[in-house]
Amino acid sequence: MILADFPSVNQDDKPTFSLEEQVALVLEQALRIDELTQLVDRKAEVISAQKKRIHTLEELLRLAKLKRFAPSSEQSQQASLFDEAEVAAEFGLETTTDTTEEEAPAEALEPGASEAPQPRQKPGRKPFASTLPREQIFITLSDAEKAGAIDTFFTKVREELDIIPAQVRILEYMQEKAVFMAPVQGEPQRRITAALMPKHPVPGAMGSINLMCFVLIAKYSDGLPLYRQESILARYGGELSRATLANWVIALARQLQPLIHLLRAQQLAGPLIQADETRVQVLKEPGRPATSDKYMWVTLGGPPGQPSVLFDYDPSRSQEVPLRLLDGFQGYLQTDGYAGYHAVCIANNITQLGCWDHARRKFKDAQAAQPNVKKGPSRPLSKADGMLHLINGLYLIERQIKDLSTEEKYQHRQERSLSVLTKIKTYLDDNQHKVPKDSLTGKAMTYLRNQWEKLTVYCTHGDLNISNILAENAIRPFVIGRKAWLFSDTPKGAQASAIHYSLIETAKANGLEPYGYLNQVLHALPYADTVEKLEALLPWNIKKSNSAE
C-alpha cells in the first residue's frame, strides 16, 4: 500500500480513524510488501532456471553442430588452444605427464598406434608387396638394333600394378561314367559307375563356391548391397536376381552355424570379453514396427592367440541378451556404461570393466560445446579442461607401457596410474557440485562417478585394457556396411548377416585374408561330418595348416 491509500486527513481536523485501524493498515501494507517480495523471488528463481536451461540448450546446440559439420575425431580443435601446464596452473593441479608429450586420445591405443609422432617419410612411391604375383613383360630390340652387339641383357625399369576385372564364366561339370557288363542270374546286364561329384554347401544352387564367396565378401567386407551386385553381374553377362543372392546368403549361414557355435565356446573359455551393441533396422520382425530399434550385438575375446569377433542379432536390448550370449563365461567383461550387462555379471560372478573412452568422450563433448570465445592462451578454462588434463595422463601412461610384458604393465599401473586416479577422484569430488547437473560437464561427472569402480579395475591386471575401443573397432565394419544396405528385410537375413560378419571379422583378427578363408571353409564344409573336422576349419587352425604346407 502506498501513501495515497491512506484516508485523507485535514490538518485542522482530528484523524478519522483510530490507532487500531492505523496498525491494521500498516500490517496490511507489510503483508502486501512480503507477498511482492516473494513474487519477485519466485520470478528470479524462474529467470535463473531459464538462464541455466538456455545455457544447457546452447551447449547441446553447439555440440550438435560440431557433430554434424566438424571432423569426427575426438581430437577437437580446442585441444591445441591451451597448454598442459597452463591448465594445471589454472586449477591448482600438478602436471601428471611430461608436457612435451602429445595428449593421448582414445584412438592412440588402437593396435599399431605409436607413442610419438612418426617422422615424415621421404616423398616417393611406396614399393609393392613382395607377395603379389608378378608377370614379366620383355621389351626387345629389333634385329637391326642388335646387329653387331657382343651381348644383350634385360633390366627392370618400372613396375605397374595391374588388375584383372571380374570375369563371369560357366563351369560345366562333365561326369565320367563307366559301363560294365556283369552276369545277373546267368544273364549279362549293364552296370554304370559314375565319378563322385564334389559336394556343394548349397546343393542345387546354380552359383559356384567362388561366386558365393565373392557375394559374401562384397556385401559384408566391402559394403556392397545385393542389388548393386545384381547389376554388376548382369553387366558381365550373369543374370541372377537379388532374391537368389539373398537365398544363398541365408542358406550359407545355416551351413556355417556350427562353426559359430565352436567359436562361441572358444570365446567363452577366454579370460576377457569386450562387448558392444548397435542399432539395426529389420523390416519384418514379428510384433515390432519396421521403424523400431533392433540390435546387433558384438563380443570380442578368446584365449591368447585365438581371438574371435562374434555378432548376434536380437530385436531386444534387454539384459536377457547378455545372459544368453555370455552363459557360462567367468572372467572380465568390458563394456560401456549400459546397465543391461549388470545382470550377467552378477549371475556369473563376472568382473566388469568400465571404458575410459566413454568417460573421456563426454568431457570432450563438454569442452567442444564451450562458447566460441577468444581463442588462445587467454581462453577461459573450464572444469572439462581440467578433467581432460588428468584423464590424458592415464592414456599417456598406457602409450608408454603398451609394449611391456603383462607384469611390467601391472607394476607401472600400480605405481603411476593409481596416483593419477586418486587425483581424478579428488578433482571430481571438489568440482561436481560446482557445475549444473544437467549441463554436459555435469552429466560427464555424473557418469564418471557412477562408473568409478569399474573404471579402476584395469589397474588390477596387466592384460586388461583401459578402454573398450577394440569392441567399437570390431563393430565398425557393420556400421559402415549398414550405411550402404540400410536394413535387413527379415530376422533370418539379420541373423545370417551376423554369422557372415562373425567369420569375416574373425578371419581378419587372425591375420587371414577373408575371401581365401571363406573359400577354403566352404569347399571343406560339406565334408566336415565330425567335430574334429569342423574344428580344423577354425581360423587359427586354418592358419596353422596353411603355414605348415
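A salt bridge here is a side-chain nitrogen of Lys or Arg within 4 Å of a carboxyl oxygen of Asp or Glu. The side chains of arginine 324 and aspartate 314 meet this rule, with N to O at 3.1 Å. The model is predicted. Its chain has 549 residues, and 39% of them count as buried. The secondary structure comes to 18 helices and 7 strands.

- Side chains of opposite charge can pair when their charged atoms come close.
- Aspartate 314 is buried, at a relative accessible area of 15%.
- Arginine 324 also forms a salt bridge with aspartate 312, where the closest N and O atoms are 2.8 Å apart.
- Aspartate 312 is buried at 9% relative accessible area.
- Arginine 324 itself is partly exposed, with a value of 41%.

**Salt bridges elsewhere**

- The count of salt bridges comes to 16.
- One of them pairs arginine 134 with glutamate 159, the closest N and O atoms being 3.2 Å apart.
- Arginine 134 sits in the loop between α2 (84–91) and α3 (143–146), and glutamate 159 in the loop between α3 and β1 (177–184), so this pair ties together parts 25 residues apart in sequence.
- Glutamate 159 is partly exposed, with a relative accessible area of 28%.
- Through shared partners, salt bridges join Arg134, Lys156 and Glu159 into one network.

**Nonpolar cores**

- The largest nonpolar core has 56 residues, and Leu256, Phe311 and Leu503 touch the most other members.
- Helix α6 (residues 242–268) supplies the largest share of this core, 11 residues.
- Leaving aside neighbours within four places in sequence, leucine 503 is in contact with Leu256, Leu259, Ile260, Leu263, Tyr517 and Leu518.
- A second, separate core holds 35 residues, including Phe363, Ile391, Ile397 and Ile401.

**Surface**

- The accessible surface of the chain is about 33,000 Å². Carbon and sulfur atoms account for 55% of that surface.
- Leu19, Val23 and Leu27 make a nonpolar surface patch of about 300 Å².
- Leucine 27 belongs to helix α1, which spans residues 19–69.
- Leucine 27 counts as exposed because its relative accessibility is 52%, and the cut-off for exposed is over 50%.

**Cysteines**

- The disulfide count is 0. The rule asks for a pair of cysteine sulfur atoms within 2.5 Å.
- Cysteine 213 is buried, with a relative accessible area of 0%.
- Cysteine 355 is buried as well, at 1%.

- Take the contacts between residues at least 6 apart in sequence: 67% of them join residues at least 24 apart.

Key:
Residues are numbered from 1 along each chain as its sequence is written. This is a predicted model: local features need pLDDT of at least 70, side-chain atom pairs count only at pLDDT 80 or more; totals for chains, interfaces and linings use all residues. Side-chain values use heavy atoms; hydrogens and water are left out. Buried means under 20% relative accessible area, exposed over 50%, partly exposed in between (1.4 Å probe, protein chains only). Patches are made of residues with over 30% relative accessible area and no salt bridge: like charges are joined within 9 Å, nonpolar side chains (Val, Leu, Ile, Met, Phe, Trp, Tyr) within 5 Å. Accessible areas come from the Shrake-Rupley method with a 1.4 Å probe; for residues, only the protein chains shown count as cover. Helices (H or I, at least four residues) and strands (E, at least two) are DSSP runs, numbered from the N terminus. A nonpolar core is a set of buried Ala, Val, Leu, Ile, Met, Phe, Trp, Tyr and Cys residues joined through side-chain atoms within 4.5 Å. Contact means heavy atoms within 4.5 Å.
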